[in-house]
Amino acid sequence: MIHMKRFCVLVLILFAAPVLAERTVVTEEDGVRVEAEGAEGRLLPILIGTTRIAASPEQVASWIRATHTHKSWMHNCEEAWVVRRDKGVVVGYSRIGSPWPVSDRDVVTTTKRSDLEDGRILIEFQSIDDDSVPRPRGS
């Protein structure tokens, strides 16, 4: 659970935007506040985590983009590696372990960094289909 909190926290720090929708507090624990925000047309809410981290935004951004670190902060991440790098975009693979009888979940994502004019760092993750990545057994 602590790893998922770290992930939510890190994502919020880098993706914080003005609050436009109403949010509901889901939990507050160990200095982490998690809120849910509904979005029209979505089955699941958007989750936003907030906390303070003793590191510069540059350090946090570098850590998030380093695919090999995903196993240390992404909850139940059992495998993570870079598929390829292309013009500042990192294509990475992650596999999240699940308890039996549920199959593990895996995803191929693109990760793109943008330095905004106001000094914020935006890191965008997007899941993609990539035929160059072998499909795990059972998927």
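Colleague: What does the side chain of E37 make a polar contact with?
Modeller: The side chain of R23, at 2.9 Å. Keep in mind that this is a predicted model.
Colleague: Is E37 buried or exposed?
Modeller: Buried. Its relative accessibility is 14%, and the cut-off for buried is under 20%.
Colleague: Which strand does E37 lie in?
Modeller: E37 lies in strand β2, residues 32-37.
Colleague: And which residue does E37 stand opposite in β3?
Modeller: I46. Strands β2 and β3 pair in the antiparallel sense, over five bridges.
Colleague: What order do the strands of that sheet come in?
Modeller: The order is β1-β2-β3. It is an open sheet of three strands, with antiparallel pairing.
Colleague: Which strands stand at the edges?
Modeller: β1 (23-29) and β3 (46-50). Each has a single partner strand, so one side of each has no neighbour in the sheet.
Colleague: New topic. What is the strand order in the sheet with four strands?
Modeller: β4-β5-β6-β7. That sheet is open too, and its pairing is antiparallel.
Colleague: Which strands are at the edges there?
Modeller: β4 and β7 (121-128). Each pairs with a single strand, so one side of each is left without a neighbour in the sheet.
Colleague: And by how much are neighbouring strands of this sheet turned against each other?
Modeller: By 25° on average, direction ignored.
Colleague: Which strands does α2 touch when it packs on the sheet?
Modeller: β5, β6 and β7. The direction of α2 makes about 10° with that of β7.
Colleague: Which residues of helix α2 are buried?
Modeller: V60, A61 and I64, in a helix that covers residues 57-65. Seen down the axis of α2, these buried residues fall within an arc of 100°, so they line one face of the helix.
Colleague: Back to the strands. How many bridges are there between β4 and β5?
Modeller: Eight, in the antiparallel sense. Strand β4 is residues 77-86.
Colleague: How many residues sit between β4 and β5 in the hairpin?
Modeller: Two. K87 is in the turn, with a positive phi of about 50°.
Colleague: What about β5 and β6, how many bridges?
Modeller: Eight bridges, antiparallel, with β6 covering residues 105-115. V89 has K112 as its bridge partner in β6. R95 stands opposite D106 in β6.
Colleague: Why do we say β5 is largely enclosed by the rest of the structure?
Modeller: Because six of its eight residues are buried.
Colleague: Let's take one residue. Where is S94?
Modeller: In strand β5, residues 89-96. S94 is buried, with a relative accessible area of 5%.
Colleague: Which residues does S94 touch, not counting those up to four places away in sequence?
Modeller: H70, M74, C77, E79, A80, R105, D106 and V107.
Colleague: How far along the chain is C77 from S94, and what separates their C-alpha atoms?
Modeller: They are 17 residues apart along the chain. Their C-alpha atoms are separated by 6.8 Å.
Colleague: Great, thanks. I'll look for those on screen.

Conventions
Residues are numbered from 1 along each chain as its sequence is written. This is a predicted model: local features need pLDDT of at least 70, side-chain atom pairs count only at pLDDT 80 or more; totals for chains, interfaces and linings use all residues. Side-chain values use heavy atoms; hydrogens and water are left out. Buried means under 20% relative accessible area, exposed over 50%, partly exposed in between (1.4 Å probe, protein chains only). The arc is that of the directions from the helix axis to the C-beta atoms. Contact means heavy atoms within 4.5 Å. A polar contact is a pair of N or O atoms within 3.5 Å; within protein, one must be able to donate a hydrogen and the other to accept it, and residues adjacent in sequence count only if both atoms are side-chain atoms. Two strands pair if DSSP finds at least two bridges between them. Axes are lines fitted to C-alpha atoms, for helices over the stretch in contact, and angles run from 0 to 180 degrees between N-to-C directions.
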